Amino acid sequence: QVQFVESGGGLVQPGGSLRLSCAASRFTFRDYDMSWYRQAPGKERELVATIPRASDNPIYADSVPGRFTISRDNAKNTVYLQMNSLKPDDTAVYYCNAHGTFWPRTYTYWGQGIQVTVSS
């Protein structure tokens, strides 16, 4: 059974920073693209950032480039999301996601989510 342990969320003031971590186990982490998604109350889940398995050319949502940085450590089976200059609109539950394509099948796994609240 795939497992994720997400940490680093919480309450932060506008302009502050948080670093989310997602430690994965029971699958071949290095063979998967890793992403962070978020879901705010009353809104659909949206992609925040993706880092390919080769760690090249991360992709970011239009609302976060320059403020958020995704990274991964394949030796630790962990993906990170450094979030700076946080805004109240960043308040959401953040989810770790793993996606792998092993033709002809694809596999997608989700973490349980971690709350991030940006408020004064």
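## Salt bridges

In this predicted model, the count of salt bridges comes to three. They link Arg38, Glu46, Arg67 and Asp90 in a network.

Arg38 pairs with Glu46, the closest N and O atoms being 2.7 Å apart. Arg38 also meets Asp90 in a salt bridge, at 2.9 Å from N to O. Because Arg38 lies in strand S4 and Asp90 in the loop between S8 and S9, this pair ties together parts that are 52 residues apart in sequence. The remaining bridge joins the side chains of Arg67 and Asp90, with an N to O distance of 2.8 Å. Here Arg67 sits in the loop between strand S6 (59-60) and S7, and Asp90 in the loop between S8 and S9, so the pair connects parts that are 23 residues apart in sequence.

## Burial of the charged residues

The cut-off for buried is under 20% relative accessible area. Asp90, at 2% relative accessibility, is therefore buried. Arg38 counts as buried at 6%, and Arg67 counts as buried at 11%. Glu46 is partly exposed, with a relative accessible area of 35%.

## Strand pairing

Four strands make up an open sheet in the order S1-S3-S8-S7, with antiparallel pairing. Its edge strands are S1 (3-7) and S7 (68-73), each of which pairs on one side only. From one strand to the next, the twist averages 15 degrees. S7 and S8 (residues 78-83) run antiparallel and are joined by six bridges. Within this pairing, Phe68 has Met83 in S8 as its bridge partner.

Strands S9 (residues 92-102) and S10 (residues 105-110) are also antiparallel, and six bridges join them. They form a hairpin with two residues between the strands. Gly100 stands opposite Tyr107 in S10.

## Nonpolar core

In soluble globular proteins, nonpolar side chains tend to be buried together. The largest nonpolar core in this model has 30 residues. Met34, Trp36, Val79, Leu81, Met83 and Tyr94 have the most contacts inside it. At least two residues of this core come from each of the strands S3 (18-25), S4 (33-39), S5 (46-51), S7, S8, S9 and S11 (114-118).

Leaving aside residues up to four places away in sequence, Met83 touches Gly16, Ser17, Leu18, Leu20, Arg67, Phe68, Tyr94 and Val116. Among these contacts are Phe68, the bridge partner of Met83, and Arg67, which forms a salt bridge with Asp90.

Technical notes
Residues are numbered from 1 along each chain as its sequence is written. This is a predicted model: local features need pLDDT of at least 70, side-chain atom pairs count only at pLDDT 80 or more; totals for chains, interfaces and linings use all residues. Side-chain values use heavy atoms; hydrogens and water are left out. Two strands pair if DSSP finds at least two bridges between them. Axes are lines fitted to C-alpha atoms, for helices over the stretch in contact, and angles run from 0 to 180 degrees between N-to-C directions. A nonpolar core is a set of buried Ala, Val, Leu, Ile, Met, Phe, Trp, Tyr and Cys residues joined through side-chain atoms within 4.5 Å. Buried means under 20% relative accessible area, exposed over 50%, partly exposed in between (1.4 Å probe, protein chains only). Contact means heavy atoms within 4.5 Å. A salt bridge is a side-chain nitrogen of Lys or Arg within 4 Å of a carboxyl oxygen of Asp or Glu.
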